[in-house]
Amino acid sequence: MDGLLTVGVEEEFVLVEASTGHLANRAKEVLAGADGFAVDLQPEIAQYQVESASGVCTDMGELRDELAVARRALIERAERHDARLAATGTPVLGLTMPTPLTNSPRYHRMAAEMGALTNDLAICGCHVHVGLPDDESKIFVSNHLRPWLPALLALGANSPYWLDGDTGYASWRYVVWNRWPTSGAPPHFDNAAEYYAAREEIVASGAAIDAGMLYWDVRLSARHPTLELRVCDVAPTVEEAVLMAALVRGIATTALSSGAMAPNIPPHLLKVALWRAARDGLEGFGIDPVTGAPTPMSSIVASLLRWIRPALELAGDYQMVSDGIDRLLLDGTGAVRQRRAFARRGRLDDVVGLLVAQTAPV
């Protein structure tokens, strides 16, 4: 490979009332004049959601700066409208159904086609894009990402609360999202032609209105020349978003450098491994992607780090990634920190306060 692979990150957030912590339907006001911003800020499907997208980056420090600028811009705009920005995979307080949809023909068509699936679509993810030279390399890397999807989901788990209560899951967002017919882990494809044939079949079936509604945990982006990882909750902090981007690039680089075929994990095993990761997060047991045996998720993550270490060192990212994983193991993922905030006084508004504080770049 010549040079480092490029990366970009999209982040979805909820807006909450400054006074109560409940959802605030003010995305339109917050994003007014967004075309003139120096960063890419967009609406999402719900009126209480906003999204940012970084530019194309090669250096993780550059990516960190871009994500921080975008978060600060959204925070500042939200505060002007008595709202706060919160990076959480699911809202903690004030979910109303059906979802107040952003006024877009596409979103209204989705609601018409998908029915009640859009009634409570209050979920926020972190999408990592990796620039790759062609579709065949994207499929090759997608196959290599499949076995590690549960580990990445566990590391990024940040949504234990839903409908004003604890779900018992570290990532309830992933559970909600997997009700959609085009979500979940992608199949193992032998080539790009197989991928595109499958996509055409899905759209023809009516399960997706277009290619943009292919919501697999890894997909070939319909808008960019990238492979897009979609498995993770939105990261609580900028640093954790950058950590995820570095891990994904490390997997992609290692896969391309090795040239070895990825193990074809059976769909049923990958499905239960993802469920286990969504439930237990980083602190519990995962399913070893090769043996199928229950294994501490921390051990699976350690195996991932060993495998991609040369690629991380080549990019100058190893120490940052190693330290970031150590921090998550010591201090807890976003889900653990949300529960810890609640445990102090038994108040969900304390959880919202933590989320707002974490979202702001240091």
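These are my notebook entries on one protein chain and a few of its residues.

**Ground rules.** I am working with a predicted model, where local features need pLDDT of at least 70, side-chain atom pairs count only at pLDDT 80 or more, and totals for chains, interfaces and linings use all residues. I number residues from 1 along each chain as its sequence is written, and my side-chain values use heavy atoms, with hydrogens and water left out.

**The whole chain.** I started with the secondary structure and found 13 helices and 11 strands. Here helices (H or I, at least four residues) and strands (E, at least two) are DSSP runs, numbered from the N terminus. Next I looked up the radius of gyration, which is 19 Å; the globule rule gives 21 Å for 362 residues, so the chain is as compact as a globular protein of that length. That radius is taken over C-alpha atoms, and the rule is 2.2 Å times the number of residues to the power 0.38. The C-alpha atoms fill a box of roughly 55 × 45 × 40 Å along the principal axes.

I then asked how much is hidden: 59% of the 362 residues count as buried. Buried means under 20% relative accessible area, exposed means over 50%, and partly exposed is in between (1.4 Å probe, protein chains only). For contacts, I use heavy atoms within 4.5 Å. Among contacts between residues at least 6 apart in sequence, 75% join residues at least 24 apart.

**Helix H3.** Which residues of H3 (residues 105–114) are buried? I noted Tyr-107, Met-110, Ala-111 and Met-114. They cover an arc of only 100° around the axis, which puts them on the same side of H3. The arc is that of the directions from the helix axis to the C-beta atoms. A handy reminder for me: an α-helix has 3.6 residues a turn, so residues three or four places apart point the same way. The buried residues of H3 pack against strand S2 (40–43). On the other side of H3, I found Pro-105 and Ala-112 exposed. After H3 comes Gly-115, with a positive phi near 60°.

**Leu-101.** I stepped back to the loop between strand S4 (83–86) and H3, where Leu-101 lies. Leu-101 counts as buried, at 14% relative accessibility. Beyond residues up to four places away in sequence, Leu-101 touches Ile-45, Gln-47, Tyr-107, His-108 and Ala-111. I also checked Asp-166, 65 residues apart from Leu-101 along the chain: their C-alpha atoms are separated by 25 Å.

**Two serines in loops.** Ser-54 sits in the loop between strand S3 (49–53) and helix H2 (60–79). Its relative accessible area is 16%, so I mark Ser-54 as buried. Not counting residues up to four places away in sequence, Ser-54 touches Gly-8, Val-9, Leu-63, Glu-66 and Leu-67.

Where is Ser-221? I found Ser-221 in the loop between strand S8 (218–220) and strand S9 (226–233). Ser-221 is buried too, with a relative accessible area of 13%. Leaving aside neighbours within four places in sequence, I list His-129, Thr-226 and Glu-228 as its contacts.

**Gln-338.** My last stop was helix H12 (residues 334–345), which holds Gln-338. Is Gln-338 buried or exposed? Gln-338 is buried, with a relative accessible area of 0%. Leaving aside neighbours within four places in sequence, its contacts include Thr-88, Asn-158, Tyr-161 and Leu-354. Gln-338 and Pro-236 are 102 residues apart along the chain, and their C-alpha atoms are separated by 9.9 Å.
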